[in-house]
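Here are my notes on the model. Please read them with the coordinates open.

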Amino acid sequence: MSKVFNVSADCKPNLHYMVDISELLHKIKKFIERGEYFTINRARQYGKTTTLRALKKYLQGEYIAVSLDFQKLGANSFENENTFSVTFARFFLNTLERENIEISSETRDRMDELRELIRKEREQFLLFELFLCLSRICEASDKPVVLLIDEVDSASNNQVFLDFLAQLRGYYIDRDETPTFQSVILAGVYDIKSLKTKIRTEDSHKVNSPWNIAADFDLDMSLPKDGIAGMLKNYEQDYHTGMDTEELAKLIFEYTSGYPFLVSRICKLIDEKVAGSQAYPDKKNAWTKEGFLAAVRILIMEENTLFESLDNKLIEYPELKQMLQELLLKGRKIEYIPGDVGIRMAVMFGFITLIHGTAVVSNRIFETRLYNGFLAEKARHMEISQIAADEKSQFIVNGHLDMDMVIQKFVSHYTELFAEHNQKFLEDNGRSIFLLYMKPIINGAGNYYIEAKTRTNRRTDLIIDFRGQQEIVELKIWHGNEYNQRGEKQLADYLESYHLKHGYMVSFNFNKKKEVGVKKLIFGDKVLTEAVV
């Protein structure tokens, strides 16, 4: 049976093409060797389950790793302390029996004691008794015991789970005197350290985190470019497509920033959707830059479990949506302030990352998807989007995008529709208006993304890929001739890095005496088409 690219549940080395994560596992093991308790909280479909299962195998021989998935426990399992304690004990024993065949006879005796105790004291078996038994098992084991719990989100809103964490914390604090787990790892989306439980039930104000003993888990779990290249080389050994694995790995990483689901999804689309299509009849044609861009177009337009989860978060948390709109559409610089719940949620759900304390959308795929969603809302009220859709045919000549025509027509339509609007409206919406004009023109055959390092309230570089043809458009607000001349020089330098000869600049000028129109400038061997509106 041949391997496939997987985007459902965990990846299995014998079934799926995978990035080698042994270096990550080695780093996680260092936490375990130090006896750390910690949480792996990452966004949806970020490889948490795959990592935990690989870690369990990686630890074999030196440790007894007991891996539990709380998603398998029904809601009734958390009904009360007794029910949870009995359920957890049975789950723990069954898992330990099934997954670890080299268990000492003394450890098995302790396991039998626990099994007998929950049989006899089933109605009175509580967390206290559970942890006494778990401690005896850890003491009897000839190897350190590591507890891994996946999908802790399914339990995080239950008081009994918070009490369970408090017990783990208590044994961690007393570990120099009382045998306990060598390490405990909890995996989920939500940061368990932020959960609170009452110190006394009658006191509604004093709260304490039951997981405040957790070490900071700051390892990068994104898939590195060389790891993606290694996965593609494994695929190439099977199919001999002739692909440039290093170049394609670079492209995949540039668009996904190593987000595991997106990496696998793009590869799966190239392999199963792009290859065999009319434009790319076989795998050799598909595993190219053009085939990659075709897969990106499919991905951005499709509905999948990850995108559905992100969309739901925007509905559930309006403040999150507002922050992202200000970041993307208005170019606002958003800096992290400790205690800022909105940014913490955006990071936790995977929308943004923090670079030097400043919010940046996590990857180009998310950014384009968010832009598309936000622009779709605006398009309902913007006539310019419909105009572009109606005139789309004149911008595509022999299959190529006539960017000069796009710029000229945009100046004309923008001046006609928005000349009477106030400056504040245009400052906040100018670049959105250009994107609303651009999107229906390239829709179905092109992609666009914003260069993150230039997305500010002064300047944005828009990169457009249309059927393999690449264009760069700098969008900026006019801040005087000197600033404009610097922008022209920057764009010329930027074109050099993209190996392009022709670039475009659209300046939103709010001076009453501005000269609206389009002109061409020469910078060495570079041609700039500059529009002022």
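1. Start with F88. The model is a predicted one, and in it F88 has a relative accessible area of 1%. The cut-off for buried is under 20%, so F88 counts as buried. F164 is buried too, at 0% relative accessibility.

2. What do F88 and F164 form? They make an aromatic pair of the tilted kind.

3. Ring pairs join F88 and F164 into a cluster with F70, F78, F84, F92, F131, F161, Y171 and F181. Across the model, the count of aromatic pairs comes to 39.

4. Another of these pairs is F31 with F38. The ring centres lie 5.1 Å apart and the planes are at 50 degrees, so this pair is tilted. F31 is buried, at 7% relative accessible area. F38 is buried as well, with a value of 0%.

5. The charged end of K313 is placed over the ring of F349, 5.1 Å from the ring centre. K283 lies over the face of Y239, with 4.9 Å to the centre of the ring.

6. Now the packing. The largest nonpolar core holds 132 residues. Those with the most contacts inside this core are F292, F351, L401, M403, F434 and V506. Helix 19 (residues 423-442) gives the most to the core, with nine residues.

7. Which residues does M403 touch, leaving aside neighbours within four places in sequence? The contacts of M403 are F434, M438, I464, E471, V473 and Y504. A second core is separate and has 46 residues, including M111, F125, Y171 and A214.

8. As for length, helix 4 has 16 residues and spans 23 Å from first C-alpha to last. That is close to the 22 Å expected at 1.5 Å a residue.

9. Two backbone angles deserve a look. Phi of E151 is near 55 degrees, a positive value in a residue other than glycine. E151 sits in the loop between strand 3 (145-150) and helix 6. At 18% relative accessibility, E151 counts as buried.

10. The other is H240. Phi of H240 is near 50 degrees, again positive in a residue other than glycine. Is H240 buried or exposed? At 63% relative accessibility, H240 counts as exposed. Its place is the loop between helix 7 (225-239) and helix 8 (245-256).

Methods:
Residues numbered from 1 in each chain as written. Predicted model: local features only at pLDDT ≥ 70, side-chain atom pairs only at ≥ 80, totals over all residues. Heavy atoms only, no water. Core = buried A, V, L, I, M, F, W, Y, C linked by side-chain atoms within 4.5 Å. Buried < 20%, exposed > 50% of the residue type's maximum accessible area, 1.4 Å probe, protein only. Helix = DSSP H or I, 4+ residues; strand = E, 2+ residues; numbered from the N terminus. Contact = heavy atoms within 4.5 Å. Expected span 1.5 Å × (residues − 1). Phe/Tyr/Trp six-rings, centres within 6.5 Å; stacked < 30°, edge-to-face > 60°. Lys NZ or Arg CZ within 6 Å of the ring centre and 35° of its normal.
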